[in-house]
Amino acid sequence: MNRTLKCLAVLTGGVLCSAAIAVNGDDTFVAQWPLALPSPDAGAYQVELDDAVYATTVSPALRDLVVVNGDGRQVPALLQSVPAPAARRTTQALAWFPLPATAARAGSDIAAISEVDPDGRLRRIQWQSAPGDAPPAALLVDASASALPLQALVLDWGVADVAFERTMRVEGSEDLRDWEPLPAGGRLLDLRRGEARLVERRIVFDTPVRMRYLRITPGAGAGTMPAVVSVTGESPALAEAPALQWRALEASGLADAEGGFVFRLDARVPVTHVDLGLDGNATARWTLSVREADDAPWRTIASDWLVYRVGADAASRTPPRALDTTLRARQWRLVPDAPSAGAAPVLRLGYRPERLVFVAEGAAPFSLRAGSGRSVRVDAAVAPLLADLRARNGGRWQPALATLGARSELAGAAALDDTPPRDWGTWLLWGVLLLGVVLVGGFALSLLRAPKPR
């Protein structure tokens with residue numbers, strides 16, 4: 001009896017171990033890439049996705065894209081677009097002229113005492129001061145040289161001999177005759193107490209200003225404003241978006257019954273722009289549609305799209321068209337407004353690679369996994385964490401940039417099966433229990449059939 005029970009225990013343990021190995025060895029992703037972290041203590045990282053990752057993931061929303069730690073456990077992650085570079089202010093020295101009190105009053109015609117070049121730039125202000133006249137009461141700034149709207153003016157007076165604090169009134173004009181007030185936070189000061197000094201030289205406009213001429217007049221305050229030596233204009237520079245990457249698609253076959261051409265996209269890239277590559281001089285109107293699969297209906301995203309090309313110059317062709325929303329559709333279709341006997345155009349899809357931001361929880365190494373019919377990325381509160389870190393470290397702070405290593409296969413195409421996996425562990429456990437029942441029953445039956453001792 002003891003021998004039989006021992007055999008049963010050994011058999012049960014072996015089956016359970018086999019079940020555990022089968023469950024732990026089941027991988028539900030197509031492939032993975034090791035992640036190289038620039039510093040082990042950054043905590044938050046971001047990795048830019050490449051074409052190989054986009055070609056491996058199958059989820060339309062990239063939900064089958066995860067980061068796992070050394071224990072194979074998912075870590076908090078968030079998919080984001082590539083941030084635009086921070087805009088930097090541009091500055092430019094502006095010509096300026098002192099104005100007498102008579103020209104500083106509202107309604108004054110400064111054009112009558114001004115000499116202006118044909119391009120509208122001020123050459124000089126013609127006025128003469130008489131004995132006993134007050135010093136210049138205002139400034140006239142020629143902003144016509146600034147190609148960008150002005151966000152602020154910076155006045156430099158060196159070091160003031162006498163402390164002062166004055167509000168400043170700013171007006172704008174296009175012809176030196178008609179003036180309109182401009183909303184601005186203008187309070188200039190130069191104050192001292194002992195060795196300490198407090199200086200404010202900037203006049204900041206509520207909204208960017210594009211006016212040819214500006215008149216600055218001191219308002220209420222204390223002290224006399226010192227003589228200005230220079231005026232600088234500050235303009236908000238526009239941040240340039242990262243350059244687009246392009247995928248050129250050839251039509252997958254001949255034109256269909258409606259004269260349309262179908263294109264197949266083999267990667268889940270985030271398409272934001274479309275363009276057509278035309279062969280030679282051509283012009284036509286097109287309807288662009290998308291769908292996910294052969295049995296899905298077409299959805300129109302651009303109709304009456306005029307595309308032309310005249311000559312080889314890039315300026316004589318239609319610029320790329322920006323889409324209203326980001327698309328990752330597998331199939332794209334172009335239908336011309338009139339049948340064409342020419343060759344099928346090349347459909348060019350423009351996109352900017354995204355980044356997956358993640359928190360390095362758990363033990364290293366970390367890896368990126370993609371492509372699954374069953375596993376999805378777990379939603380995590382990464383966005384509030386990033387907002388808090390930017391508040392602590394400054395608005396330009398970004399997570400450290402991790403890099404992708406060489407791709408390695410996991411389950412391959414088998415991971416794309418979206419049928420629920422069979423619970424082999426449960427089946428094996430039931431099998432062990434049934435086997436145990438049979439063995440115990442057989443043992444009991446053998447005991448009943450055994451001859452009784454006399």
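In this predicted model, the charged end of R348 sits over the ring of W246. The distance to the ring centre is 4.3 Å.

Four aromatic pairs are present in the structure. One of them joins Y45 and F358. This pair is stacked, with 25 degrees between the planes and 5.7 Å from centre to centre. Y45 belongs to strand β2 (residues 44-48), and F358 to strand β25 (residues 355-359), so the contact ties together parts that are 313 residues apart in sequence. Y45 and F358 are both buried. Together with F366, these residues form one aromatic cluster.

Y54 and Y351 form another aromatic pair. Its geometry is edge-to-face. Y54 lies in helix α2, which spans residues 51-56. Y351 lies in strand β24, which spans residues 346-351. The pair therefore ties together parts that are 297 residues apart in sequence. Y54 is buried, as is Y351.

The two pairs thus link separate parts of the chain: strand β2 with strand β25 through Y45 and F358, and helix α2 with strand β24 through Y54 and Y351.

Technical notes. Residues numbered from 1 in each chain as written. Predicted model: local features only at pLDDT ≥ 70, side-chain atom pairs only at ≥ 80, totals over all residues. Heavy atoms only, no water. Phe/Tyr/Trp six-rings, centres within 6.5 Å; stacked < 30°, edge-to-face > 60°. Helix = DSSP H or I, 4+ residues; strand = E, 2+ residues; numbered from the N terminus. Buried < 20%, exposed > 50% of the residue type's maximum accessible area, 1.4 Å probe, protein only. Lys NZ or Arg CZ within 6 Å of the ring centre and 35° of its normal.
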